[in-house]
Amino acid sequence: KIIHLNKQSRDNHREYRINAFIKKYGPTTRDSKASLSECRNFMKDIKKLCTRNANEKKVYSWFGKPVDGIADYAMYVRNPMDLKTIETKVESFQYTTYHEFVEDIRLVFKNAQVYNNVNLDTDTTGTSQVIYDHAIYCEQMLDEVLYTIFSIDVSDRWAKSEIIDYEEYLEKKEKEDIENKLKEERMLHYEQEKAKLKEMDEKFALDLDVETKK
């Protein structure tokens, strides 16, 4: 069953799960380098959950290789990603955190949603709808199994990585808000000073006119 949630609802749900997990298990002290075996097992389990029948296996196979031969794909998808590329990155130890690994998997399903959503109304074969719906389901499975397939330590590290990213975003946003507020205050002060000078010039010109008439 596919549950359609808006972005805010999904973000709130994910933040709730992360906070609940850390509250229950607390922090860890182990090294944060992504484990090769855990990443392999995670990809196997995600595949198993997302390929319950022959049709789902066919759709899921389309996520397994780079998109090629579609002229307008780059117009809608700026950061292409596929499961084969992720496997290559795992085997060559290119991931330094589980957060990077999980978010690459999420990107595969996000890209599928973005591109196929554009073609929902024009694709008479119904293929875009099938891929779009299954990409949503796979992303939901990704969130559902994140804390059950990985070890507690891995899940905690992934959660903390996401929280750190969010805190950095808030810190950056707060800094930008302060800078914008200061800019607005400087602009207001400038306009006020400009108005004062204009008023003084007008008064001086009036006084000068009065003196000249005398």
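User: At what angle do α5 and α6 pack, and how far apart are their axes?

Analyst: In this predicted model, α5 and α6 pack at an angle of about 165°, and their axes are 10 Å apart.

User: What makes α5 and α6 roughly antiparallel rather than roughly parallel?

Analyst: Angles over 145 degrees count as roughly antiparallel, and the angle here is about 165°, so α5 and α6 are called roughly antiparallel to each other. Their crossing is right-handed. In the contact, L83, I86, K89 and V90 in α5 meet F101, D104, I105 and V108 in α6, and by class these residues are six nonpolar, no polar and two charged.

User: Why is the pair of K89 and D104 called a salt bridge?

Analyst: The rule asks for a side-chain nitrogen of Lys or Arg within 4 Å of a carboxyl oxygen of Asp or Glu, and in this pair the N to O distance is 2.8 Å, so the pair of K89 and D104 meets the rule. The bridge links distant parts of the chain, since K89 is in helix α5 and D104 is in helix α6 (residues 98-118), 15 residues apart. Both K89 and D104 are buried.

User: How many salt bridges does this rule give, and which one involves E91?

Analyst: The count comes to eight salt bridges. E91 forms a salt bridge with R40, and the closest N and O atoms are 2.7 Å apart. Because E91 lies in helix α5 (residues 83-91) and R40 in helix α2 (residues 36-50), this pair ties together parts that are 51 residues apart in sequence.

User: How do you know whether E91 and R40 are buried, partly exposed or exposed?

Analyst: Buried means under 20% relative accessible area and exposed means over 50%, with partly exposed in between. The value for E91 is 39% and the value for R40 is 38%, so each of these residues is partly exposed.

User: Which residue does D143 pair with in a salt bridge, and which residues are joined into one network?

Analyst: D143 forms a salt bridge with R106, with the closest N and O atoms 3.0 Å apart. D143 is in helix α7 (residues 127-149) and R106 is in helix α6, which puts the partners 37 residues apart, and both of them are buried. Through salt bridges that share partners, E103, R106, K110, E139 and D143 are joined into one network.

User: Why are α2 and α6 called roughly parallel?

Analyst: Their axes come within 11 Å and cross at roughly 25°, and angles under 35 degrees count as roughly parallel, so α2 and α6 are roughly parallel to each other. The crossing is right-handed. E38, C39, F42, M43 and I46 of α2 make the contact with Y98, F101, I105 and F109 of α6, and these residues divide into eight nonpolar, no polar and one charged.

User: What makes E56 buried, and which residues does E56 touch?

Analyst: The relative accessible area of E56 is 10%, and buried means under 20%, so E56 is called buried. E56 lies in helix α3 (residues 54-62), and, leaving aside residues up to four places away in sequence, E56 touches C50, T51 and H134.

User: What is the phi of F93, and where is F93 placed?

Analyst: F93 has a positive phi of about 55° although it is not a glycine. Most residues other than glycine have a negative phi. F93 is placed in the loop between α5 and α6, and with a relative accessible area of 48% F93 is partly exposed.

Note on methods
Residues numbered from 1 in each chain as written. Predicted model: local features only at pLDDT ≥ 70, side-chain atom pairs only at ≥ 80, totals over all residues. Heavy atoms only, no water. Helix = DSSP H or I, 4+ residues; strand = E, 2+ residues; numbered from the N terminus. Buried < 20%, exposed > 50% of the residue type's maximum accessible area, 1.4 Å probe, protein only. Axes fitted to C-alpha atoms, helices over the stretch in contact; angles between N-to-C directions. Parallel < 35°, antiparallel > 145°, perpendicular 65-115°, else oblique. Left-handed = near helix turned anticlockwise from the far one by under 90°. Contact = heavy atoms within 4.5 Å. Nonpolar A, V, L, I, M, F, W, Y, C, P; charged D, E, K, R; others polar.
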